[in-house]
Structure formats: C-alpha cells, structure tokens
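Have a look at the structure below.

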Amino acid sequence: MMEPKPTPTLAQETGPHPSRRHKDGIGWAELHRRLETSQSALRRGLNPTFEEKRTILRERARLLAQESKEEEYLPESFLEVVEFLLGSEHYAIELTYIREIHVLSEFTPLPGTPAFVLGLANVRGQILSVIDIKKLFDLPEKGLTDLNKVIVVRTSHMELGILADAVIGVRSVRLNELQTSLPTLTGIRAEYLRGLTKDPLMLLDIDRILSDEKIVVDNPS
C-alpha cells in the first residue's frame, strides 16, 4: 500500500529559493536584480551625477535654442510695411491697410477744413480725401513735385489718401523690435503712431487715424 505524499507547508509554497521560478519563467534572483536596478535608476534620477547634470543642461539649452529659432520665423513675428518719406523722416504703414499707391497729379482744396486736409483727389474714378501728415505732425514743409504719392489706405468702414514725398518700398519689421513706448515723441505724433524702430522708422496707427473724427473728412456723396 502506497503512503500518501506529504502536503507542502505554506513556507514551502511561498518561501524564496534560488532555484525556484515563477510560472512566467523569471527566477527570484532575476526579480531581485531588476528591483535593485530600478532603485538605482531612481536614485540617479533624484541625485544625478555631474556628467548627467551636464547632459541635461545641454539638452535643455538645445531645446530652448530650437524653440527660439522656430519663433523667429513665425509669420506673426513680422509685419510687412510700406516705407515712405515725409520730409527727411521715415514712416511706414502696414501693408494690409494699403489699397494702392497713386501719383498725385491734381487735387481740389476744401475751404474751411483743417490745414492738414490737402483736399479731394480723383483716384481711378473715386473721389477721396487726402491728408498731409507733415502738417498734422508739424514737420518741415517740402514743396509738391511730380514725385508726390498718395497712399490709399482703408479699413472696413473708411478709405482715404495719405500724402507722401516719396515711397521707398516694402520691408519687414520685427514685432519684438518695435518700441511701443515712445519717450522721445510727444503730442499728436505719439498719439497716432503704433511704434518706432531703431532706424528710426515710425509706424502709423491707421486704425486710430481712420476712426478719429478730428482727422477724417467725409467725402461728398
């Protein structure tokens, strides 16, 4: 008669043994090794070595430089403007406000209007008010010549012409170089300027100009 096999005790079932393996094939020695590796990695993460710190800092610097370079080429970080002369000073208007640039051949003065209102001009069949920013800003006069241009600007509710002595061309202005605080400019010029570059180039605030009742003269119907 066969004797029954002894029933294993709890210690025998669960106690660690170098040769004992889990059902997934990983032994206790391997589990201990992995645990020690994880704890060592955690300690290094909390207290990195000098070389690891240098690597982290270099990587952070690389990422920051990359983000700065990407930001530099974002379309919204630049303004496309038309640069023009008023006397000896350089001014600009954002390109999105400009409908066209027209040579001023003749105009009709408007009696009883402020001095900066040059008059009415026929621009491709449309009668527009033309203002002389030089007189508005009290700049030195320059006589009218065949080179005088009218820059036709518009917003959603208004259109008029701005007199320029000469149009230089289109250029890009970086927004982060545009000084919105103008300590050297006072009075009405500071009121109607959006900003100033180091050149200096003075950017007109067309929204402000075309919504100011003191400037805009209604065109005859």
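Predicted model: local features only at pLDDT ≥ 70, side-chain atom pairs only at ≥ 80, totals over all residues.

Residues are numbered from 1 along each chain as its sequence is written, and side-chain values use heavy atoms, leaving out hydrogens and water.

Let's start with the sheet. Five strands make up an open sheet in the order E3-E6-E7-E5-E4, and their pairing is mixed. Strands E3 and E4 stand at the edges with a single partner strand each, so one side of each has no neighbour in the sheet. On average, neighbouring strands here are turned by 30 degrees against each other, direction ignored. That angle is taken between axes, which are lines fitted to C-alpha atoms, with angles running from 0 to 180 degrees between N-to-C directions.

Strands are DSSP runs of E with at least two residues, numbered from the N terminus, and two of them pair if DSSP finds at least two bridges between them. E3 and E6 run antiparallel and are joined by five bridges. One example is Ile-98, whose bridge partner in E6 is Val-153.

| Strand | Residues |
|---|---|
| E2 | 89-94 |
| E3 | 98-103 |
| E4 | 117-123 |
| E6 | 149-154 |

Now for Glu-94, which sits in strand E2. Is Glu-94 buried or exposed? Glu-94 is buried, with a relative accessible area of 13% (buried means under 20%, exposed over 50%, partly exposed in between, with a 1.4 Å probe and protein chains only). Not counting residues up to four places away in sequence, Glu-94 touches Leu-79, Glu-80, Val-81, Arg-194 and Leu-203; contact means heavy atoms within 4.5 Å.

Key. Helix = DSSP H or I, 4+ residues; strand = E, 2+ residues; numbered from the N terminus.
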